[in-house]
Protein chains: 2
Amino acid sequence: MLQLYFFPMACSLSSRIALMEAGIEARYHLAHIWTKKVVDDDSDFRSVSSKGAVPVLVLENGDRLTESAAVLQYIADLKPELGLAPPPGHPDRYRLQEWLSFVGAEIHKAFLFPTFWYKDDAALAKPRARIGQTLSIPAAHLATREFLVGDRFTVADAHLTWTLLLLRAAGVDVAQWPQLADYLSRMQARPQVKAAIGIEAALRKTLAA
Amino acid sequence: MLQLYFFPMACSLSSRIALMEAGIEARYHLAHIWTKKVVDDDSDFRSVSSKGAVPVLVLENGDRLTESAAVLQYIADLKPELGLAPPPGHPDRYRLQEWLSFVGAEIHKAFLFPTFWYKDDAALAKPRARIGQTLSIPAAHLATREFLVGDRFTVADAHLTWTLLLLRAAGVDVAQWPQLADYLSRMQARPQVKAAIGIEAALRKTLAA
């Protein structure tokens, strides 16, 4: 059985959404990204992955795969019939990779990451100044589309959905981009997306308490 | 013929290296990433790509592909016999995607980007504090390997090579990680890598003059 190391509401939520949309059962291990402890047994998360970051997907053969862009494509390819990623070699597969990169680098790493990890205002001012321009790209794209790639839900949507949820927590009002707000509502209405978010939101509250 | 919009020594250098390693001829257009002008004809680069960022690869059918992770995989898949990316579905293909994501998000977007775009020290202090931990990951990986993925040069090596070159310009002494310094020397000794860097370094000097 696959195993996913996650932290509730962190970027590993995209991987949980992908697993649940794919109907793949997995064992989930809560890894605390600040203390670097695996909550199951208080072991050192850095011995699971030297990066000390989620997601980490433990494959059936014990290999460990990191980085959302890779983990999400791996999960999608386990169930090709579901179309969670376009088939390898299809022009849309590169579009999927393009969106995974944009969401991962421009929204997550250039904005959400400093927002949640850097504590001083000076370090945050520049990322904050750029986020509007960044979000205008998917907003324009989604003005005429239901999903990021092709005409069905893919793991790129799982990843963008997570970033949009976190933007609210980061003080960015997604309602400024009605296309993004509408998209987020549509994605959150999907039963598996809703269930995945519900599980992690509840866990996150427990941690905070 | 493929066309690549690039800025000399920016991240589009990885795509040029990939094209040259693949032996694929292409037309290259210099797009100025600060002025957002295409140098050929002084036209608006944002009309080529609303992101205003390089690389932009114009495909044979006129479609435009952005984001290094997608562009590099597209180029590699044009010449599967060269092994610039492991075949789709091969376990190493996900390792390639893992490294493309790590290099693109952690080294490029979390460090090189703020270093070159943010002008105040406060905005730079936090990214600078993290880069050592970040670089320890590929350094440890390369302690026993010649290349990032498998036993041959892939587009992930093209991308890491570019970031290592830029680290020097960003004031990070790569010699602190002998495995990375050795790796960079090996990559720079490859004729196509050396030629690609030579072309762009010369162009960059012209621009700066």
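## Close-up views of a predicted two-chain model

**View 1. A salt bridge links chain A to chain B.** In this predicted model, the side chains of A:Lys109 and B:Glu106 meet in a salt bridge, with 2.9 Å from N to O. The term stands for a side-chain nitrogen of Lys or Arg within 4 Å of a carboxyl oxygen of Asp or Glu. Side chains of opposite charge can pair when their charged atoms come close.

A few ground rules before we move on. Residues are numbered from 1 along each chain as its sequence is written, and chains are lettered from A and ligands numbered from 1 in the order in which they are written. Because the model is predicted, local features need pLDDT of at least 70 and side-chain atom pairs count only at pLDDT 80 or more, whereas totals for chains, interfaces and linings use all residues; side-chain values use heavy atoms, with hydrogens and water left out.

**View 2. The interface of chain B and chain A, seen as a whole.** Here 36 residues of chain B are in contact with 36 residues of chain A, where contact means heavy atoms within 4.5 Å. The two chains bury about 3100 Å² between them, and 58% of this lies on carbon and sulfur atoms. Buried area is the accessible area (1.4 Å probe) that two parts lose on being put together, summed over both. The interface also has 12 residue pairs in polar contact, both residues at pLDDT 80 or more. Such a contact is a pair of N or O atoms within 3.5 Å; within protein, one must be able to donate a hydrogen and the other to accept it, and residues adjacent in sequence count only if both atoms are side-chain atoms.

**View 3. What chain B brings to chain A.** At least two residues each come from β6 (64-66), α2 (68-78), α3 (91-117) and α4 (121-141) of chain B. Helices (H or I, at least four residues) and strands (E, at least two) are DSSP runs, numbered from the N terminus. Which element gives the most to this side? That is α3(B), with 12 residues. By class, the side of chain B that touches chain A has 15 nonpolar, 7 polar and 14 charged residues. Ala, Val, Leu, Ile, Met, Phe, Trp, Tyr, Cys and Pro count as nonpolar, Asp, Glu, Lys and Arg as charged, and the others, Gly among them, as polar.

View 4. Domain 1 (2-83) and domain 2 (91-192) of chain A follow bounds from an automatic or database domain assignment. Their centres, taken over C-alpha atoms, are 20 Å apart. The contact takes 20 residues from domain 1 and 17 residues from domain 2. About 1700 Å² is buried between them, 62% of it from carbon and sulfur atoms. On the side of domain 1, A:Ile17, A:Glu21 and A:Gln73 lose the most area to domain 2, together 30% of what that side buries.

**View 5. Polar links between the domains of chain A.** The count between domain 1 and domain 2 is 2 salt bridges, and 8 residue pairs are in polar contact. On the side of domain 1 that touches domain 2, α1 (12-22) and α2 (68-78) of chain A are the elements that give two or more residues. That side divides into 13 nonpolar, 4 polar and 3 charged residues. The side chains of A:Asp77 and A:Arg93 meet in a salt bridge (2.9 Å, N to O).

**View 6. Backbone features worth a look.** Most residues other than glycine have a negative phi, and most peptide bonds are trans. The peptide bond from A:Val54 to A:Pro55 is cis, with omega near -5 degrees, and A:Pro55 sits in the loop between β4 (43-44) and β5 (56-58) of chain A. In chain B, the bond from B:Val54 to B:Pro55 is cis, with omega near -5 degrees. A:Met9, not a glycine, has a positive phi of about 75 degrees.
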